[in-house]
Amino acid sequence: MEFQLTKIQKMTRRAMREFVRQEVVPLAQALDETSEFPSANYQQAFGLGIMDMALPESMGGLGEDFLGFIIALDEFAYGNAALAHSISVTEAALHLLYQYGTQKQQQRFIARLHAGEILAALPTELSDVDKRSVGSLRAEFDGNGYRLNGSLLQVAHAPIADIAIVFAATANTTPSAFIVDRQMTGFKATRHDALMGMRSFPMGRLQLNDVHVTHDDLLGAEGNGGAIYGELLRRSETAIGAIAVGISQAALEEAVRHCKARVQFGKPLAKMQATQNKIADMAAGVEAARLLVYQAAFYLGQRSQLTTQTAIAKIIASDQAVAATQEAVQIHGGYGYMKDYTVERLYRDAVFTQIYPTTNATQRSNIAQATYRTIR
Amino acid sequence: MLSTEAEACRSLTDQQRTLMQKARIFARKEIAPHAQELDWTAKFANTIYKKMARQGLLGITVPAKWGGAESDTLSYALVMEELSNGYASIADLCGLVELCATLLNELGTEAQKQRYLVPLLKAQTTCSFALTEPDAGSDLAALAATAEKNSRGFILNGSKHFIHNGPICDFALVLARSPAAKADDRAMSIFIVESSYPGFSRGVKENKMGQRASQLSSLYFKDCQLPPDAVLGIDGDGFKHMMVVLERGRIGIAALSLGLMRSALENVLKDTADKDRANSAKADSQTVQWAIANMATDMYAAQAMIAQAARLKDQGIPANTQASMAKLFASEAAVKHTGIAVQITGIQGYTQGNVLERLYRDAKVTQIYEGTSEVQRIIIARSLQRGGLTP
């Protein structure tokens, strides 16, 4: 096993860290307050080539592997987790289009996504994909294509996306993936009420009423939606894992800075054993979570056959993020409860990673099923 | 259902049960329907405050002749639990009045009681309890606010922060270093400071994660002139006085944490009791069952700890350690279980407007105010190390 990051990955980390601290961190609090989409930072991230780092150069990408992207995402989440999540949704959409799209689809969408002109929406409530029930979306054949009906409750970017990748099965076939366009008749997207955290990330409900799609709108082979969805889910799990790691890293740094500066009972909190135990556990937790997430990203980038690696990385990293943010607020005392302090936002953002793309309870159930298959 | 069993376990007197039921009905009818809006607007719940006074839910342990309910600490804990089950910020307001009213009742002169206590319990005025300073949070010995004697009474200088009701209070009970004995670092006094006194000013209202209807700000005293009768209790004994009322305060916050946790459990049960197919699968899920079982178990343990500490205090037995244990246990459990409740509910529980979303934010400060969890652990450990409580 090789534990070294490549030279390019190390450079990526350094460059991203510098960029995020200069450009992302200063805007994060205001974006949380207003719940606005972080357009400026999002466009900057495109400019830096973050979203297409893992695309081949022929597609306008940097030809880096997925781990390079995950390292960048970790750094972005340190500054603004909601922004990092938007970046990861676009990256996943680009990846699916590159991996499964026809040449025509790639020409039509990749360049525009890549240029930040359009945004893609991705649903995540498809855990029953094996059982053919794909959220509540249904497809029906109609002569020269399909009609799509149903609604999805939890769709990333739904309120602002120009295209959405959705999965729907017909009565007799396994699910297929479709690219639907906001311009299509019957496409309706609404924004959720504000969330506790990740407030500048647009989540919403996607409703398709008799949306007509043709074979040209199929992504990948007919009936291959399950495999595509599986790939999307593994990519999302790894990305959310990286976002959880970035949040934890920020919580750790805020906690360390505060406990060094805050003097009570004649000495800095940092000198107290109870604080040291907390900091040690946070540092250990971040390290463990980061290694698992990077390992999952490495395998995913190698296109290895994966079973539970991404889900395990995600549950460990997200539980760790919640624990770390709880302690970071605690170390801040009353200050940590005030919106002027970064840890207040981190505390609210962290919980999202436990429930997205699916809840950790569902993840654990899936991990157990896979583990039963491996250990006989 | 949860509370009926609890009543039986706690074998309440008629007065205790009546107060608890009154608070429960008040929470259901007058508080819970407004909790979400109060959380969003972060405004002072003036109407509820006035109604709470009319219902006799302010000054639970204060004699009736001053306008209190003339009951005991256990009743106070029961009222706090019920009010918090409606919305924690309202319970915390009741708790703040209880602390100030207790100090005024126990230490005040006849004139001070008439001037401050009587209108307070009618909710005609609002009070603050000002201990915390920027550099004296958990460490109250680091207190910097100072009062000097002058010909017209006292001159107060210093600043207090994170003061509950700071933006709106008519008067504040302020702990400051006393001119009585400068050498002793615990020689502090409590001063009654009216907001109209020259040299009194307030900071901007804090924007908080949760319990958003509770109004917090700094208070500043710059050469603030106090009259000679501004001292509450014995000059120089302020620290001791404050510590005694904080014991009841911790039982109150433990009960507040419990009420909040009960609300989370009630919401999880309601959510999973629905008859449709998707939810019946959820009700049968062991993950959900375990979460419910663990939450209910911690709730019962907290109820028992709170009742025990309160009964000890009512019998005149020092319950400092027990109060700290109850507060530590209940607040840690509240944060843990509201977090789990959000997690098993998924994105709905993470969306504003859902009670669980608010409870997770509201819960966190219970580990921080009225003595952080860390301070409670120090109190508990020191008491055991001194052989004060049989392990």
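Domain bounds here come from an automatic or database domain assignment. The model shown in these close-up views is predicted.

**Figure 1. Domain 2 and domain 3 of chain A, side by side.** Chain A is split into domain 1 (7–114), domain 2 (120–223) and domain 3 (226–374). Taken over C-alpha atoms, the centres of domain 2 of chain A and domain 3 of chain A are separated by 30 Å. Where these domains meet, 19 residues of domain 2 of chain A are in contact with 10 residues of domain 3 of chain A. Between them, domain 2 of chain A and domain 3 of chain A bury about 1,400 Å², with 73% of that on carbon and sulfur atoms. If you are looking for salt bridges between these two domains, the count is zero. On the side of domain 2 of chain A that touches domain 3 of chain A, strands β1 (120–123) and β3 (145–156) of chain A each supply at least two residues. By class, that side of domain 2 of chain A has 13 nonpolar residues, five polar and one charged.

**Figure 2. An aromatic pair in helix α2 of chain A.** Over all chains, the structure holds 17 aromatic pairs. In the pair shown here, A:Tyr42 and A:Phe46 have ring centres 5.3 Å apart and ring planes at 80°, so the pair is edge-to-face. A:Tyr42 and A:Phe46 are four residues apart in helix α2 (residues 39–47) of chain A, so about one helical turn separates them.

**Figure 3. Domain 1 of chain B against domain 2 of chain B.** The domain assignment of chain B gives domain 1 (2–126), domain 2 (128–236) and domain 3 (239–385). The centres of domain 1 of chain B and domain 2 of chain B, over C-alpha atoms, are 24 Å apart. Contact involves 25 residues of domain 1 of chain B and 24 residues of domain 2 of chain B. About 2,200 Å² is buried between domain 1 of chain B and domain 2 of chain B, and carbon and sulfur atoms give 61% of that area. Within domain 1 of chain B, the residues that lose the most area to domain 2 of chain B are B:Leu96, B:Tyr116 and B:Thr126, which together make up 28% of what that side buries.

Figure 4. How many salt bridges cross the interface of domain 1 of chain B and domain 2 of chain B? The rule finds one. B:Arg115 and B:Glu194 form a salt bridge whose closest N and O atoms are 2.8 Å apart. Domain 1 of chain B and domain 2 of chain B also share 16 residue pairs in polar contact, both residues at pLDDT 80 or more. Helices α2 (14–41), α5 (88–107) and α6 (110–121) of chain B each supply at least two residues of the side of domain 1 of chain B that touches domain 2 of chain B. Of these, α5(B) gives the most, with 10 residues. The residues on that side of domain 1 of chain B divide into 15 nonpolar, six polar and four charged.

**Figure 5. The interface of chain B and chain A.** The size of an interface is often given as the accessible area lost when the parts come together. For chain B and chain A, the buried area is about 3,300 Å², with 61% given by carbon and sulfur atoms. B:Met209, B:Gln343 and B:Tyr350 supply 24% of the area that chain B buries against chain A, more than any other three residues. The contact takes 36 residues from chain B and 40 residues from chain A.

**Figure 6. Pairs across the interface of chain B and chain A.** One salt bridge is counted between chain B and chain A. The side chains of A:Lys278 and B:Glu374 meet in a salt bridge, 2.6 Å from N to O. On the side of chain B that touches chain A, β3 (153–164), α10 (320–345), α11 (355–364) and α12 (373–385) of chain B each supply at least two residues. The largest share of that side, five residues, comes from α11(B). Sorted by class, the side of chain B that touches chain A has 12 nonpolar, 14 polar and 10 charged residues.

**Figure 7. A salt bridge between a loop and a strand of chain B.** The structure holds 31 salt bridges over all chains. One of them joins the side chains of B:Glu133 and B:Lys160, 3.0 Å from N to O. B:Glu133 lies in the loop between β1 (127–130) and β2 (146–150) of chain B, while B:Lys160 lies in strand β3 of chain B, so the pair ties together parts that are 27 residues apart in sequence.

Note on methods. Residues are numbered from 1 along each chain as its sequence is written. Chains are lettered from A and ligands numbered from 1 in the order in which they are written. This is a predicted model: local features need pLDDT of at least 70, side-chain atom pairs count only at pLDDT 80 or more; totals for chains, interfaces and linings use all residues. Side-chain values use heavy atoms; hydrogens and water are left out. Contact means heavy atoms within 4.5 Å. Buried area is the accessible area (1.4 Å probe) that two parts lose on being put together, summed over both. A salt bridge is a side-chain nitrogen of Lys or Arg within 4 Å of a carboxyl oxygen of Asp or Glu. A polar contact is a pair of N or O atoms within 3.5 Å; within protein, one must be able to donate a hydrogen and the other to accept it, and residues adjacent in sequence count only if both atoms are side-chain atoms. Ala, Val, Leu, Ile, Met, Phe, Trp, Tyr, Cys and Pro count as nonpolar, Asp, Glu, Lys and Arg as charged, and the others, Gly among them, as polar. Rings of Phe, Tyr and Trp (its six-membered ring) pair if their centres lie within 6.5 Å; planes under 30 degrees apart count as stacked, over 60 as edge-to-face and the rest as tilted.
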